[in-house]
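Here are my notebook entries for this chain, written as I went. Have the viewer open alongside, and follow the residues with me.

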Amino acid sequence: VFFSRALFESNIALTFFLLGYLFYLLHLRRVYLIMPAAIFFILSMYTYHSYKVLVPVFILGLFLTGKTYLNKKLLLLISVVSIILLMPMVVYTLTGETIARFSSTSILKLWPPPFSNALVENHTVGQILNLLMHNHLFYFISEIFGRYIAYFSPLNIFVQEAREPGQRIPGVAALYPFEVIFWFIGLFAVFSRFRLYKSLVLLILLSPIPAVITWNWFHQVRV
């Protein structure tokens with residue numbers, strides 16, 4: 001609701017993505033509905049950068065963990081249509097503008113992690129531990145994992161204000177505190193019936209990835 005007032009394109013992309021997910025679920029009963037699912041997924045990729053990461057990863061996860069009843073002809077048709085629709089994006093990416101955008105927001109800007117320099121240079125914990133844990137790579141992976149977990153923290157979701165100036169509303173977090181009740185009820189309902197909601201669990205686990213690979217610590221719009 002807050003972000004829609006600022007007309008963030010991420011809201012439009014989310015709408016396209018959820019429509020794609022809806023048609024994916026419907027295709028389990030009517031197989032031909034996989035075509036609009038593919039189209040809406042691709043539209044979300046054109047609308048906001050985060051979905052250029054999330055959509056391919058999510059679709060790969062669906063094929064590895066979910067059900068599909070596509071025959072070879074329909075799969076070939078979807079592949080051809082998807083390639084045609086994605087060609088302008090590929091061309092645009094190769095021009096360097098998308099790469100420049102990624103370079104300016106990538107988490108690789110934090111390599112090596114600023115806090116790890118003092119730790120690695122001023123402390124030694126033995127040759128084996130230095131090789132396995134006490135090095136820039138280990139601390140960098142720890143930083144990424146910490147960012148990933150942050151997007152599931154009730155404190156960040158319901159209590160703390162956003163850190164980004166354009167997303168901050170004084171005294172208000174991403175969601176109102178009373179909504180934590182429905183958050184826990186929803187999580188319990190989904191994870192207690194894991195087999196039924198397997199694709200939704202997959203989406204929940206994958207959704208922070210586009211935000212995690214950027215340098216911002218907690219960027220709500222990219223999730």
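**Entry: Y46**

I looked up Y46 and found a partly exposed residue, with a relative accessible area of 39%. For this I count under 20% relative accessible area as buried, over 50% as exposed and anything in between as partly exposed, using a 1.4 Å probe and protein chains only. Y46 has its place in helix α3. Helices here are DSSP runs of H or I with at least four residues, strands are runs of E with at least two, and both are numbered from the N terminus.

Leaving aside neighbours within four places in sequence, I found Y46 in contact with L85, L86, M87, P88 and M89. Contact means heavy atoms within 4.5 Å. I also checked Y46 against F16: they are 30 residues apart in sequence and 10.0 Å apart in space, C-alpha to C-alpha.

**Entry: ground rules**

This is a predicted model, so I note that local features need pLDDT of at least 70 and side-chain atom pairs count only at pLDDT 80 or more, while totals for chains, interfaces and linings use all residues. Residues are numbered from 1 along each chain as its sequence is written, and side-chain values use heavy atoms, with hydrogens and water left out.

**Entry: the whole chain**

I counted up the secondary structure of the protein chain and got 13 helices and zero strands. Of its 223 residues, 32% count as buried. I then took the contacts between residues at least 6 apart in sequence, and 66% of them join residues at least 24 apart.

**Entry: helix α2**

Helix α2 covers residues 9–26, which is 18 residues. From its first C-alpha to its last it reaches 26 Å, close to the 26 Å expected at 1.5 Å a residue; the expected span is 1.5 Å times one less than the number of residues.

Which residues of α2 are buried? My list reads S10, A13, F17, G20, Y21, F23 and Y24. They cover an arc of only 165 degrees around the axis, so they sit on the same side of α2. The arc is that of the directions from the helix axis to the C-beta atoms. These buried residues pack against α3 (34–47), α4 (50–65) and α12 (198–206).

Apart from neighbours within four places in sequence, S10 is in contact with Y48, Y51 and V221.

**Entry: α3 against α4**

I fitted the axes of α3 and α4 and got an angle of about 150 degrees, with the axes 8 Å apart. Axes are lines fitted to C-alpha atoms, for helices over the stretch in contact, and angles run from 0 to 180 degrees between N-to-C directions. The two helices are therefore roughly antiparallel to each other, a label for angles over 145 degrees.

On the α3 side, F41, S44 and M45 meet Y51, K52, V55, P56, F58 and I59 in α4. K52 is partly exposed, at 23% relative accessibility. K52 and F41 are 11 residues apart in sequence and 9.5 Å apart in space, C-alpha to C-alpha.

**Entry: nonpolar cores**

A nonpolar core is a set of buried Ala, Val, Leu, Ile, Met, Phe, Trp, Tyr and Cys residues joined through side-chain atoms within 4.5 Å. The largest one has 27 residues, and those with the most contacts inside it are F17, I34, Y51, F58 and I78. The elements giving two or more residues to this core are α2, α3, α4, α5 (72–94) and α12. Which of them gives the most? That is α3, with seven residues.

A second, separate core has five residues, including A150, Y151, A211 and V212.

L77 is found in helix α5 and counts as partly exposed at 44% relative accessibility. L77 and M35 are 42 residues apart in sequence and 8.8 Å apart in space, C-alpha to C-alpha.

Last, I looked at α12, where S199, V201, L202, L203 and L206 are the buried residues. They pack against α2, α4, α11 (180–192) and α13 (209–212).

Terms used:
Angles under 35 degrees count as roughly parallel, over 145 as roughly antiparallel, 65 to 115 as roughly perpendicular and the rest as oblique.
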